[in-house]
Amino acid sequence: MNNREQKGKFITLEGMDGAGKSTHIPLIIELLESRGVEVVSTREPGGTVLGEKLRALLLHESMHAETETLLMFAARREHIANVIEPSLARGAYVLSDRFTDATYAYQCGAKGVLPSKIKQLETWVQDDLRPDATLLFDVPVEISIQRLRSAREPDKFERENAQFFEKLRQAYLKRAAENSHIFHIIDANQSIDKVEVLVKNIMATI
Ligand code: TMP
């Protein structure tokens with residue numbers, strides 16, 4: 001729980017493209033709603049009208065990695081002010097498909113933006129807002145790439161090479177090791193049924 005006016009909980013989902021996190025969103029919503037709490041399901045980049053416009057640029061336009069970082073945080077500022085904070089303040093559980101750990105993994109880990117710059121933006125934009133819990137869906141790089149090949153038309157990030165994905169995976173695992181009180185790592189390299197069991201067990205502790 002953060003120091004701010006927060007009655008609800010802030011839960012985030014992370015993982016490489018193709019790790020399968022989005023598949024489990026309906027189950028997580030159902031598990032939370034069965035507790036009788038309000039659930040606000042949202043995503044980044046996006047989650048607001050302006051954020052979704054920025055998402056379209058971010059996913060399809062090529063740009064400098066620092067421009068990308070700044071736009072991610074611009075969308076995040078809007079998302080926090082209009083969706084995340086008001087929801088948490090009224091006691092809702094906010095479930096966000098990605099948040100700042102994705103910036104550390106993609107823009108810092110895979111694209112080389114200095115972590116100190118991301119940290120500065122994190123402090124500026126979020127103040128003391130941090131996820132209460134993060135579910136990291138982890139799969140080996142070859143699996144992620146294989147799953148993406150059979151998916152819809154790939155966006156800019158999904159077209160990156162194996163080396164990029166390997167850096168991404170390592171960056172996520174490092175974030176998880178450094179923030180083990182928040183992260184729950186899920187081995188997502190198994191059937192959806194088995195991953196669902198893991199998700200249920202973790203959600204029972206949050
Ligand atoms: P999605 O496909 O999971 O909805 O995520 C959209 C893409 O945006 C995904 O490839 C990861 C990327 N992304 C970043 O690079 N940095 C960020 O901070 C966020 C939130 C997403």
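The shell around the ligand has 6 nonpolar, 2 polar and 6 charged residues. Here Ala, Val, Leu, Ile, Met, Phe, Trp, Tyr, Cys and Pro count as nonpolar, Asp, Glu, Lys and Arg as charged, and the others, Gly among them, as polar. This is a predicted model, in which local features need pLDDT of at least 70, side-chain atom pairs count only at pLDDT 80 or more, and totals for chains, interfaces and linings use all residues. Residues are numbered from 1 along each chain as its sequence is written, and side-chain values use heavy atoms, with hydrogens and water left out.

**The ligand and its shell**

- The ligand is surrounded by 14 residues, and the closest are Asp-17, Lys-21, Arg-98, Thr-103 and Gln-107. A residue counts as near if one of its heavy atoms lies within 4 Å.
- Polar contacts are pairs of N or O atoms within 3.5 Å.
- For Asp-17, the distance from a polar side-chain atom to an oxygen atom of the ligand is 2.7 Å.
- On its own the ligand has 480 Å² of accessible area, and the protein covers 95% of it. Areas come from the Shrake-Rupley method with a 1.4 Å probe.
- Helices H2 (49-60), H3 (65-89) and H4 (100-110) each give two or more residues to the shell. H4 gives the most, with 4 residues.
- Helices (H or I, at least four residues) and strands (E, at least two) are DSSP runs, numbered from the N terminus.

**The largest pocket**

- The ligand sits in the largest pocket, meaning that more than half of its atoms lie within 2 Å of the pocket's grid points.
- A pocket is an open set of points on a 1 Å grid over the protein atoms alone, with protein on both sides within 12 Å along at least five of seven lines; a cavity is a set where a 1.4 Å probe fits but cannot get out; lining residues have an atom within 4 Å of a point.
- The largest pocket holds about 620 Å³ of space. Its lining has 29 residues, and Asp-17, Lys-21, Arg-55, Arg-98 and Glu-158 are the closest to its centre.
- By class, this lining has 11 nonpolar, 6 polar and 12 charged residues.

**The cavity**

- There is 1 cavity of 30 Å³ or more.
- The largest cavity has a volume of about 40 Å³, where volume is the space filled by probe spheres set on the points, joined across faces, edges and corners.
- Its lining residues include Gly-15, Phe-137 and Tyr-172.
- Strand S4 (133-138) gives the largest share of this lining, 3 residues.

Note on methods. A polar contact is a pair of N or O atoms within 3.5 Å; within protein, one must be able to donate a hydrogen and the other to accept it, and residues adjacent in sequence count only if both atoms are side-chain atoms.
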